[in-house]
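Subject: Structure handover

Hello,

Here is the structure for you to take over. Please open it first, then read my notes below.

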Amino acid sequence: MNLKEVIKLADELVFARTGKHLSDLQEMILRGTWDDEDYKEIANGVHRSEDRVREVGMELWQILSQELGEKVSKSNFRSTMERLQISVISHLEQHHNKIGSFNICGESRHPPDIPNLHPPNQETSNTKQTNISHQNLSEMPDLGAFYDRTPELATLTTWILQQRCRLIALTGISGIGKTTLAVQLVQQIKDEFEYVIWCSLESSPTLDEFQHKLIEFFLQSEKLDSPATNQKPLPLIKYLQKYRCLIVLDDVHNLFSKVELAGKFKRGYEEYRSLFKQIEKLYHQSCFLLIGWEQPKQVTQIENQNMCVRTLQLTGLDIAAAREILRDYGLAEIDNGEELIHRYEGNPLWIKSVATLIKELGGCVTKLLLDDTILLPEDLQDVLEEQFDRLSELEKQILSLLAKESEPVNLAKLLENGRMRSTDLLNALQSLSRRCLIEQQGSFYTLSPVLREYIKGLYPDRL
């Protein structure tokens, strides 16, 4: 089967499903995939972002999967199309058509009569072919505009799809865009999995409640696939071993105690530690993505020892992406826009909050920005308050010490001014670092301008 035949057949399949023919970009993705190019190479060839090429590619694989009734992905596209040709020819032979009269490159624009190569749950001699993945994304938020995170998306995609990581922590300060990035990631890679589940932990479900919810979803999906089979519930880890699953846990910090150092489980939630240990230690083919202001201590402790565990700490947007936010708020031409982005460290939520204030109050606010003033709109203070309420007294004390200083401070000065044991200081610094609330420059520590201004207003009696 040559490339011209492949493109023609794919066009017929896409037309049958969508009523539209292949776009130029879709065709280039198919050509690159046939030549064993990765998304980056395809993107360079068409002068588009890798992020956009990957997104269109994922949509294309989903369309082909739906039309063929079997899983189609970038990795198996060529073998699928070659098997499809053999199946079509065999199908025609059974109807006493001559092979020589079969022309897959004919001029017809009507979808071909193609038999389903792999009906649902039919096992082949080599692998078990599956339908489109079962997805429960009812708790996944719709966050609107996505601002470019191409490197981060590429990193997470590599960890999940290529390195088959089992446990990934996505962390960062409030408003930095963790959940937004995860939503975009799930949209791009969800069709590579048999099961995709997004769970919000905002209500702090116990481990029993959480596992029951997931197991029920697995059971209901299996009943739909095999109505005649009486499925019995299995332990959660068994489903992770049986299927290729992507499970996202958002707001994972709700499992941890307030006024304690980062990552300590609340009373009654310690059993989650065993679950995460199972995910790390036992063989399975699934991935858990944990999103939150803080992560389980064991994730950071074992990351360097286990290649299946990874942490990505999200930082601010670059200047170009952050400018898109200002443009969306009608502030593309604002004076010192780049300086504003730096001042608010490219944090999308912080920038949106200040942009709203500027838009509502006009030029008088813009003039204040020229004087290096840090504006803290009320909604921004509310977001910071929610995270600061989780801090221990020792952490608050250290932040107060750092807020007094305009320059980075070393350990010796913190010990001298704080009058605390070195062990307590180091543990609190480690916790603040894991919460992404302090910045380290060699052996010195400092705060961002926004956090320094907030702390000055929060603890005036300590400064």
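Helices (H or I, at least four residues) and strands (E, at least two) are DSSP runs, numbered from the N terminus. On that basis, the protein has 20 helices and 9 strands. Please keep in mind that this is a predicted model.

The whole chain

There are 463 residues, and 48% of them count as buried. The exposed surface comes to about 22600 Å². Carbon and sulfur atoms supply 47% of that area. I also looked at contacts between residues at least 6 apart in sequence: 74% of these join residues at least 24 apart.

Helix H7

H7 covers residues 178–189, which makes 12 residues. From first C-alpha to last, H7 reaches 17 Å, close to the 16 Å expected. Of its 12 residues, 10 are buried, so H7 is largely enclosed by the rest of the structure. The buried set includes Lys178, Thr179, Leu181, Ala182 and Val183. Gln184, Leu185, Val186, Gln188 and Ile189 are buried too.

What covers them? The cover includes two helices, H4 and H6 (150–162). Strands S2 (167–171), S3 (195–200), S4 (245–250) and S5 (287–292) are also part of the cover.

Glu59 in helix H4

H4 spans residues 50–68, and Glu59 is found there. Glu59 has 41% relative accessibility, so Glu59 counts as partly exposed. Gln26 is 33 residues away from Glu59 along the chain, yet their C-alpha atoms are separated by 9.4 Å.

Best wishes

Conventions
Residues are numbered from 1 along each chain as its sequence is written. This is a predicted model: local features need pLDDT of at least 70, side-chain atom pairs count only at pLDDT 80 or more; totals for chains, interfaces and linings use all residues. Side-chain values use heavy atoms; hydrogens and water are left out. Buried means under 20% relative accessible area, exposed over 50%, partly exposed in between (1.4 Å probe, protein chains only). Contact means heavy atoms within 4.5 Å. Accessible areas come from the Shrake-Rupley method with a 1.4 Å probe; for residues, only the protein chains shown count as cover. The expected span of a helix is 1.5 Å times one less than its number of residues.
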